[in-house]
Amino acid sequence: MSDDYLVRIGKLIRDARQHRGWTQTQLAEALATSQSAVNRIERGNQNISLEMIARIGEALDSEIVSLGYSGPMHLRVVGGRRLSGAIDVKTSKNACVALLCASLLNKGRTTLRRVARIEEVYRLLEVLNSIGVRTRWINDGLDLEIIPPGHLDMAAIDADAARRTRSIIMFLGPLLHRLRQFKLPYAGGCDLGTRTIEPHMIALRRFGLDITATEGLYHAEVDRDAVPDRPIVLTERGDTVTENALLAAARHDGTTVIRNASSNYMVQDLCFFLEALGVRVDGIGTTTLTVHGVPQIDVDVDYSPSEDPVEAMSLLAAAVVTESELTIRRVPIEFLEIELAVLEEMGLDHDRSGEYAADNGRTRLVDLTVRPSKLEAPIDKIHPMPFPGLNIDNVPFFAAIAATAQGQTLIHDWVYDNRAIYLTDLNRLGGRLQLLDPHRVLVEGPTRWRAAEMMCPPALRPAVVVLLAMMAAEGTSVLRNVYVINRGYEDLAERLNSVGAQIEIFRDI
């Protein structure tokens, strides 16, 4: 077989395995081979017979040979349909990836409940499996069990998977306690312009971590004699920066004070998880965190991450843009209050239930019912701020919402270098968005959406915004290569179909 066919077959096998919820190790056991052999097959680095393809298809309950689909996934959207009924918010993508990284702190078994089945999680699992961590989906694939090895084999790290997720940067905090020297591939993820890791380095140097970057790798060395003898002041109130500092502080034998910390939802979930590991964290929900670390963590822990406020905002925006009445259940209201206050001023008609506790016992949830509304453009610009301000990841959804409102809305997406540019893709669907500079977009509404065929933007939230506009547009649209959406959303098309959308998943043959 040619190298190209081997790569395509390998990707197909990997997709089928992940759909089954299996790790490479589990597939290897079913085939009576090694995990490294499965890894080579999925990368397209090993010749494979038709007999082996058939065996793999039988093991995975997938007709790999006869189906023969490969290549990127696309969506065909029949728009102009009203949504109705109720839909639940899934657990937080950003919390789940942080907790996967945090599992490296623990020598015992970690069980995470209702983990988001998304590409970002799959990439991290591939990385964890490659260095010796055993993972398996349990309880019909709802929950994830993680068992670390006695020794991490960093030389075997799956560099391809690591480079496809920016979350790999959060391995630094846990690994500095386990290894004196190690290498990590450069962090990847969404195409959002230059995103320096220097704020991470400023925080982690205090724990003795020194990084040099060459040839696509971070080369890390750890000075075990270094201790943070004064409060760590983060130069950026970023979520992953705060999480990395927390992960480093968790196993530091002493007290670490972190100032200018993010208090966002995924940071709070990580703090709750650390407490379940026996690490006391004072100041959760504030910008000053005091971590009482423990040098060794060896406990069997069971934790339920909370729901995703950005997914909740996505579903809310879907209802607004399609002029639908929709109930969104399990909304983490603490992290959506500013967005709702802005939407109320714009004229959103909605109800919310009384508050109840998430499965972690700490996060406050509500059920939110959104009804068709005549929206007016807000007087002030839409711009993000660190929590408790308007969430950075929720800004793109206001582009679609503002396009349905009467008047002009200025959106100032100051955090990322080029995410605002992708919002102008809405113009292909009838939007009237004017890019003022790389960070500011002027949106003119209301919009008469029209169907179109286009490539998916390479950034997660703008990609979903385009999908929502296609749902509102009369006619049939096609959104090509939606891997970036699968990075952050579990079965989004199927779930939207359950409340009245008409979205077909297909691949090129």
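Predicted model: local features only at pLDDT ≥ 70, side-chain atom pairs only at ≥ 80, totals over all residues.

Reader: How is empty space found at all?

Author: Rolling a probe the size of a water molecule over the atoms shows where empty space is left. Here, a search of the whole structure finds four cavities of 30 Å³ or more.

Reader: How much space lies in the largest cavity?

Author: About 90 Å³. Helix 1 (3–20) and helix 7 (119–130) each give at least two residues to the lining. The lining residues are Arg17, Gln18, Gly21, Trp22, Thr23, Tyr122, Leu125, Glu126, Asn129 and Trp137.

Reader: How do those lining residues divide by class?

Author: Four are nonpolar, four are polar and two are charged.

Reader: Which residues line the second largest cavity?

Author: Find Tyr265, Gln268, Asp269, Phe272, Ser306, Glu307, Pro332, Phe335 and Thr363. The space in this second largest cavity is about 50 Å³. Helix 12 (residues 265–276) gives the most to its lining, with four residues. By class, the lining of the second largest cavity has four nonpolar, three polar and two charged residues.

Reader: Next, helix packing. At what angle do helix 2 and helix 3 pack?

Author: Read the angle together with the distance between axes. Helix 2 (residues 24–31) and helix 3 (residues 35–43) pack at about 105 degrees, and their axes are 8 Å apart. Angles of 65 to 115 degrees count as roughly perpendicular. Helix 2 and helix 3 are therefore roughly perpendicular to each other.

Reader: Which residues of helix 2 and helix 3 meet?

Author: From helix 2, take Gln24, Thr25, Leu27 and Ala28. From helix 3, take Gln35, Val38, Asn39 and Glu42. The contact of helix 2 with helix 3 has three nonpolar, four polar and one charged residues.

Reader: At what angle do the axes of helix 13 and helix 17 cross?

Author: Roughly 25 degrees, and the axes come within 9 Å. Helix 13 covers residues 309–321 and helix 17 covers residues 460–472. Angles under 35 degrees count as roughly parallel. That makes helix 13 roughly parallel to helix 17.

Reader: Is the crossing of helix 13 and helix 17 left-handed or right-handed?

Author: Helix 13 passes helix 17 in a right-handed crossing. On the helix 13 side, the contact uses Val310, Ser314, Ala317, Ala318 and Val321. On the helix 17 side, it uses Arg461, Val464, Leu468, Ala469, Met471 and Ala472. By class, this contact has nine nonpolar, one polar and one charged residues.

Reader: Last topic: the backbone. What should I look for?

Author: Look for exceptions. Most residues other than glycine have a negative phi, and most peptide bonds are trans.

Reader: Which residue has a positive phi although it is not a glycine?

Author: Asp140, with a phi of about 60 degrees. Asp140 lies in the loop between strand 4 (134–138) and strand 5 (143–147).

Reader: Where are peptide bonds cis?

Author: One runs from Phe387 to Pro388, with omega near 15 degrees. Pro388 lies in the loop between strand 17 (364–371) and helix 15 (395–404). Another joins Gly445 and Pro446, with omega about 0 degrees. Pro446 lies in the loop between strand 20 (440–445) and strand 21 (453–455).

Note on methods: Residues numbered from 1 in each chain as written. Heavy atoms only, no water. Axes fitted to C-alpha atoms, helices over the stretch in contact; angles between N-to-C directions. Parallel < 35°, antiparallel > 145°, perpendicular 65-115°, else oblique. Contact = heavy atoms within 4.5 Å. Nonpolar A, V, L, I, M, F, W, Y, C, P; charged D, E, K, R; others polar. 1 Å grid on protein atoms, 1.4 Å probe; cavity = no way out; pocket = protein on both sides within 12 Å on 5 of 7 lines; lining within 4 Å. Points joined across faces, edges and corners; volume = space filled by probe spheres on them. Left-handed = near helix turned anticlockwise from the far one by under 90°.
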